Amino acid sequence: MSELSTKQSKIMEFIRGFIDEKDYPPSIRDIQAGCGISSTSVVDYNLRRLEEKGMLRRDREISRGIELLDGRRRGTVEVPVLGAIAAGQPIPVPTSERWASDVDDTVTVTEEMVRGHENVFALRVKGTSMIEDLIDDGDIVFLEPASTADDGEKVAVWLEDRGEVTLKRLYREEDRIRLQPANASMPPIYADPGDVRIQGRFISSIRPSG
């Protein structure tokens with residue numbers, strides 16, 4: 001790596017370490033913070049230089065679309081986007097029985113983003129109630145199909161009495177379910193356990209570029 005600048009070498013080492021620890025690539029902001037770089041534009045400049053030197057490849061359509069080319073090449077997978085999910089107040093979406101046939105579009109991501117899970121599906125986030133978990137309005141979340149979850153897990157929950165679905169952290173209380181936002185300014189949603197249908201467990205999320 002003698003042809004790399006000190007900053008570029010540091011970025012490469014950070015990306016390797018990040019992937020080894022988390023099994024998915026870092027975002028530009030992760031690199032900025034992890035390498036102590038002054039701005040995201042400086043990160044972007046050095047990533048472009050690393051691309052030119054054949055050290056990595058970037059997919060600018062996704063926020064974590066970095067693929068190392070030094071013997072650690074990773075494949076991609078195509079994930080169906082099944083509509084929208086509220087990270088705010090619940091909103092109506094197609095019922096769970098119709099999700100499989102109501103594919104809106106697909107998104108191609110690196111294998112690291114789905115972390116070895118099968119039958120992964122994606123939903124577009126509407127709202128800001130999960131911003132403290134770094135999930136913002138417009139992000140795409142990846143979930144594995146599931147009907148159960150542990151307390152504290154982020155889940156896509158179908159609220160049967162409302163005909164609505166939302167993304168929240170789930171907690172079981174004495175005679176109710178608490179769906180907790182990750183936004184201190186927003187109150188939790190309380191629901192009868194009989195009205196709550198867990199549809200999927202959160203795996204990861206991306207912020208589409210542009």
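**Burial and overall make-up.** I looked up burial in this predicted model and found that 45% of the 210 residues in the protein are buried. I then listed the secondary structure, which comes to five helices and eleven strands. For the contacts with a separation of 6 or more, I noted that 62% join residues 24 or more positions apart.

**Confidence.** I read a mean pLDDT of 83 for the protein, with 86% of its residues at 70 or more. I next asked which elements have the lowest and the highest mean pLDDT. Helix H4 (residues 96-99) has the lowest, at 48, and strand S9 (residues 177-180) has the highest, at 96. Over residues 91-96, I found that pLDDT stays under 50. The model has 18 contacts beyond four places in sequence for residues 91-96.

**Nonpolar cores.** I examined the largest nonpolar core, which holds 31 residues. The members that touch the most other members are Ile15, Ile31, Leu47, Val107, Val109 and Phe142. Helix H1 gives the most to this core, with six residues.

**Helices H1 and H3.** I asked at what angle the axes of H1 and H3 cross. The axes of H1 (residues 6-22) and H3 (residues 40-52) cross at roughly 90 degrees and come within 10 Å. Angles of 65 to 115 degrees count as roughly perpendicular, so H1 is roughly perpendicular to H3. On the H1 side, I listed Lys7, Gln8, Ile11, Met12 and Ile15 as making the contact. On the H3 side, the contact is made by Val42, Asn46, Leu47, Arg49 and Leu50. By class, I noted six nonpolar, two polar and two charged residues in the contact of H1 with H3.

**Leu134.** I looked up the backbone at Leu134 and found a positive phi of about 65 degrees, although Leu134 is not a glycine. For comparison, most residues other than glycine have a negative phi. I placed Leu134 in the loop between strand S5 (121-126) and strand S6 (140-145). Is Leu134 buried or exposed? Leu134 counts as exposed because its relative accessibility is 65%, where exposed means over 50%.

Technical notes
Residues are numbered from 1 along each chain as its sequence is written. This is a predicted model: local features need pLDDT of at least 70, side-chain atom pairs count only at pLDDT 80 or more; totals for chains, interfaces and linings use all residues. Side-chain values use heavy atoms; hydrogens and water are left out. Axes are lines fitted to C-alpha atoms, for helices over the stretch in contact, and angles run from 0 to 180 degrees between N-to-C directions. Helices (H or I, at least four residues) and strands (E, at least two) are DSSP runs, numbered from the N terminus. Angles under 35 degrees count as roughly parallel, over 145 as roughly antiparallel, 65 to 115 as roughly perpendicular and the rest as oblique. Contact means heavy atoms within 4.5 Å. Ala, Val, Leu, Ile, Met, Phe, Trp, Tyr, Cys and Pro count as nonpolar, Asp, Glu, Lys and Arg as charged, and the others, Gly among them, as polar. pLDDT is the predictor's confidence in each residue, from 0 to 100. A nonpolar core is a set of buried Ala, Val, Leu, Ile, Met, Phe, Trp, Tyr and Cys residues joined through side-chain atoms within 4.5 Å. Buried means under 20% relative accessible area, exposed over 50%, partly exposed in between (1.4 Å probe, protein chains only).
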